[in-house]
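Please keep the sequence and the structure in view while reading.

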Amino acid sequence: MAHATPAPGGMSRPGRTPEVEGRASDVRARPPDVFDARTHKLARLVVPVGLGLLYGYWVAANNRSGGPITGWNLLLGFVSALVFAVLCMALLALGPRMIREAHALLWTAFVGCAFGFLYAQSGRPVLRTILISLLIAAATFMAFFYRYYTREDAFGRRIR
């Protein structure tokens, strides 16, 4: 929502934000970081592991289709969780060093493959799995490319 600042003569100018230290603040400032570096470092480990465990459980549940839990089912879930978490951590570490197009493509491939494998475990036809995975991957590419295009320069450095 745009704020209006009083112009000379008492009239307000819509679309301008209030003045900050004597200058108009048209650029949105980043909010302060409330977490310290240790918390961010821990989150870069905990979030992929947590998501990996959730993904592994979901893969195992889709694979058994409501049947009994077996050792192979548990193994599939834990291996899926491990692969998901390792790939997610690798993308979080390597992604910021890449140009925005490659960064978006890597996340697209990761999300498309992860969704495709998860969907295939439910016993759906292969062609349907491929088509839905490609749709999910296309939507992921558009979202991530837009995000990186609007927040990074051509070399992958943040501009905001």
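An axis is a line fitted to C-alpha atoms, for a helix over the stretch in contact, and the angle between two axes runs from 0 to 180 degrees between N-to-C directions. Two packed helices are described by that angle and by the distance between the axes. The model discussed here is predicted.

**Helices α3 and α4**
- Helix α3 covers residues 100–120 and helix α4 covers residues 126–151; their axes come within 8 Å and cross at roughly 150°.
- Angles over 145 degrees count as roughly antiparallel, and α3 and α4 are therefore roughly antiparallel to each other.
- The crossing of α3 and α4 is right-handed.
- In the contact of α3 with α4, 15 residues are nonpolar, seven are polar and three are charged.

**Helices α1 and α2**
- The axes of α1 and α2 lie 7 Å apart, and the two helices pack at an angle of about 145°.
- The crossing of α1 and α2 is right-handed.
- The contact of α1 with α2 comprises 16 nonpolar, six polar and two charged residues.

**A nonpolar surface patch**
- Leu 42, Leu 45, Val 46, Val 49, Leu 53, Ile 69, Leu 74 and Phe 78 make a nonpolar surface patch of about 760 Å².
- Helix α1 gives the most, with five residues; Leu 42 lies in helix α1.

Key:
Residues numbered from 1 in each chain as written. Predicted model: local features only at pLDDT ≥ 70, side-chain atom pairs only at ≥ 80, totals over all residues. Heavy atoms only, no water. Helix = DSSP H or I, 4+ residues; strand = E, 2+ residues; numbered from the N terminus. Parallel < 35°, antiparallel > 145°, perpendicular 65-115°, else oblique. Left-handed = near helix turned anticlockwise from the far one by under 90°. Nonpolar A, V, L, I, M, F, W, Y, C, P; charged D, E, K, R; others polar. Patch = residues over 30% accessible without salt bridge, like charges linked within 9 Å, V, L, I, M, F, W, Y side chains within 5 Å. Areas by Shrake-Rupley, 256 points an atom, 1.4 Å probe, with all protein chains shown as cover. Salt bridge = Lys/Arg side-chain N within 4 Å of Asp/Glu carboxyl O.
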